[in-house]
Amino acid sequence: MDDLIQEFIAETRETLEALSGEIVAWEAHPEDRARLDAIFRFVHTVKGSCGFLDLPRLGRLSHAAEDVLAQVREGGRAPDRPLVNAVLAVVDRIGELVEAIDSGTSLPDHGDELLIAALAEGAEEIAQATLPGLQRAPARSVRLGVDLLDRMMSGMSDMVLARNELARRLRGGDIDPTIEAALERLSLTVGEMRDTVTRTRMQKIDALFSALPRMVRDTAAGLNKSVLLHIEGSDVELDREMIEMMRDPLVHIIRNSIDHGIEAPAERRAAGKRESGRLTVSARQSGNQIIIEIADDGRGIDTGKLIQKLVANGRDEARLRALSERGKLDLVFEPGLSSKDEVSEVSGRGVGMDIVRASIEQIGGRVDLDSQPGKGLRLAIHVPLTLSIISAIVVGVGNQRFAISRQAIEEIVTERSEAIRLDVLGGTPIATVRDRRMPLIDLSALLGIARQDKREGQMLAIVSVGEGSYALAVDTVLDNEELVIKPASPAVMTTGVYAGQTLPDSGLPMLMLDCAGMANVAGLDFNRSAHRDYEEEVVVEEAPGLPALMFCDLDGVRRAVPLAAVDRVEQVEGHSVRFAAGRFRVTIDGRILPLAAQGEIEGRDRLNVLRLKDGANEVSYAIDEALDIILLPEDIVPAREPGPIAGVALIDGEQVELLDILWVFDEHADRDADEVAPLCLIAGDKDGWMASFVRPLLETAGYRVVTQLPPGETPAVVLSADAAPAELAATAPVVRLRSRRAASGAGDDSVYRYDRAGLLSALEARMAGKGR
Amino acid sequence: MAHLYLIAQLAGRAVAIDSDQVESVVDIGEVTQVPLASQHVRGLAALRSRVVTVVDTHSALGLASSEQARRAVITHVEGHHYALLVDALDDVAPFELLPLGGGVTLDTAWQRAGRGIVERDGEPILAIDLAELVPGYSATLN
């Protein structure tokens, strides 16, 4: 919201500056139509923004001025001197108010009514009174054209090239160390500048998402619906221009979702859903694309109704009925269609999904629909990354280099590794990587490039393309670079194997490979084999041994951890590790994770960190370096005591300790009171004894404790001082506490209230009993 | 009406190029090959911070490829920049575009690109449309 106000202030300020000349001119020639129109447009714009931004004072002023100017435009009133003065006074006041909003000061509002009254026909001429004590806040932002940014960007690239050229020439002869140092400094500055300039074009998608909560609220309120909005992935970065292009389609889709998708509360209740609809908007990067997903839990698309509507518009019914389900869904994109019976105020504005799709396709994107009648609609907008910066791996084939998006690469292995097998099935080459069989594409053969030398030792990049994976054989893997990928010319794109072009620091253009496109051109068909793959995998699971990652720990010992528990291995800077709140923690991706380690963490510039995940929890574990992926033998000698080591296994004749994942999670995972924790209701606690003494004990044991049952929830267990109310006893097991030490008889299953261990085990036993 | 034309040598002949189509004239440095692309695409070259698609004009005109051509005319077609290789550049001067004249039929390769003639000291020079030589844009070049 603040962003919007800032934008409004900047815009109004700018228009006012431009308008000041017009105002003076209009004052001199009140009959000048063009000047009048300019001023009218200004107050009209201000009025429009005020309604949206909830600025009633500005709204009232601009509305009054707009009315009067409209009368003048229609010839109803003559622009006489008092009127001109009154309008100018209002325009001035608008400027003052905008400055006041910006600097956060308040402006006495007694003058407003006078100004508005002065606009009336026959009113007294007013004296221009500017209010004293107004300070203009220094502007902290400037508005720039994307053109200028583009020029800056290309100037920057030129600078990088010039630097490279200079470095190349200096390298030729003997150079003075001082010159070398100067060049070094230049390189550093140029590098930093380049990052900064590049970033000016990028913007977090948050810029697009931040206005959504308000819009969803207003739209839903206007329709008497209630909608819960959930936003994910706001920090995905996109090119500024792209964000602007996405704005209208996104707004339209969300409005449609609320208007047509999500049902009225009564209807939702009848369908057994929560009264408030759920709307999830998320952004993520996947390979060469950014995917923005809008999902609601509304009624989905009624294809039957769509067809009726189109038939009513004069389409051939039999042909529409004969379409596949997917084809029927795609009818939503037909022009001139509103899937709702009455056109509503919100989305019935003559802008259909056809326009939305066209504008997304214009920026090289596409829209996917997934509708589940009665359950909801999921709409995914895929837009290319081609304008954005992406992290890429540079590979070499023959004497050429290509970039591959890092997102698409699962791993890179060398052909010589023992875990790799290359075979030819019929005429088709395949690769077997650790018992996983996949098609093999030789990049040099695909592109018709002669390999530089025929020696063994190609590298295999395992590439994942959504439906499946394949191995891509390349000569060398060179580098890891952040590249600005731009669309290549049609003559290049028609080959189907390139995703775009880029100009890396070398100054020589480079092509980015389109992994899905290469699979297409090579004729790989993943759909056909999907089923068989699954069967194969089942067989693989029976193979002896569990895959594990072997690593060298901080204390120098070789250890292994089951691969399934490792989400990924990451390198972090030493300074992102802190001893905070009683333990070591590391900052990764803007989150704080507990950091476990065996050995000295501090005093390192960089750390390798294993990110371990068990579904809900995530713990990081600092290591020295990852070594290899191995298969754990069946025989593991268990450790003598419970601790970080589960046991030791013999791998290639060497004893390797096995990290105890359970212990690591138990010891290090942050405990948070989320909804997974069982709910314990304290009932009949008249004196507050249980709430004050038992509650802390229960909470450390991982229960959520309430004394009043929140609506819509059932307790997992009820703790009560005396017999629990019957309606509770029916829904949940009850544990009773007694204040006397001795049980009152054989049938008494209550627990003495100071018996901590007894209480916890009783709670657990009752809950388990209910589960059965 | 006189208009500014660039007179260049292309495949041994003089041609006139409308200066509105010409963004600049450069010498092309190292070219990155584009495997699998049309034979008319020589590759990609860096022109300051821009990447341009280098077009082998000889090949696009259906002639034998000119390996050593380095000089190129930069043009902008549908949002992309192209460098069209030429043999040499002669002159920039205002000329009047005249129709080809009755009965004159160009041979196939030139026919597509030819737009008329300009007259330099009595010598007729074929005026061409550069966009027609760009593969992927021109319908007949792929």
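View 1. Buried here means under 20% relative accessible area, as against over 50% for exposed and partly exposed in between, with a 1.4 Å probe and protein chains only. This is a predicted model, in which local features need pLDDT of at least 70 and side-chain atom pairs count only at pLDDT 80 or more, whereas totals for chains, interfaces and linings use all residues. Residues are numbered from 1 along each chain as its sequence is written, chains are lettered from A in the order in which they are written, and side-chain values use heavy atoms, with hydrogens and water left out. His382(A) belongs to strand E7 of chain A, which covers residues 376–384; strands (E, at least two residues) and helices (H or I, at least four) are DSSP runs numbered from the N terminus. Beyond its neighbours within four places in sequence, His382(A) is in contact with residues including Gln289(A), Ile290(A) and Gly365(A), contact meaning heavy atoms within 4.5 Å.

**View 2. The interface of chain A and chain B, to which chain A gives 25 residues and chain B 20 residues.** About 1900 Å² is buried between chain A and chain B, with 67% of it on carbon and sulfur atoms; buried area is the accessible area (1.4 Å probe) that two parts lose on being put together, summed over both. On the side of chain A that touches chain B, at least two residues come from each of several elements, among them helix H6 (146–172) and strand E9 (400–405), and the largest share, four residues, comes from H6(A).

**View 3. The aromatic pair of Phe402(A) and Tyr498(A), which is stacked because the ring planes stand at 15 degrees, with the centres 6.4 Å apart.** Rings of Phe, Tyr and Trp (its six-membered ring) pair if their centres lie within 6.5 Å, and planes under 30 degrees apart count as stacked, over 60 as edge-to-face and the rest as tilted. Phe402(A) lies in strand E9 and Tyr498(A) in strand E17 of chain A, so the pair ties together parts 96 residues apart in sequence. Phe402(A) is buried, with a relative accessible area of 0%, and Tyr498(A) is buried as well, at 3%.

**View 4. The edge-to-face pair of Phe551(A) and Tyr621(A), whose ring centres lie 5.9 Å apart with planes at 65 degrees.** The pair links distant parts of the chain, 70 residues apart, with Phe551(A) in strand E19 and Tyr621(A) in strand E26 of chain A.
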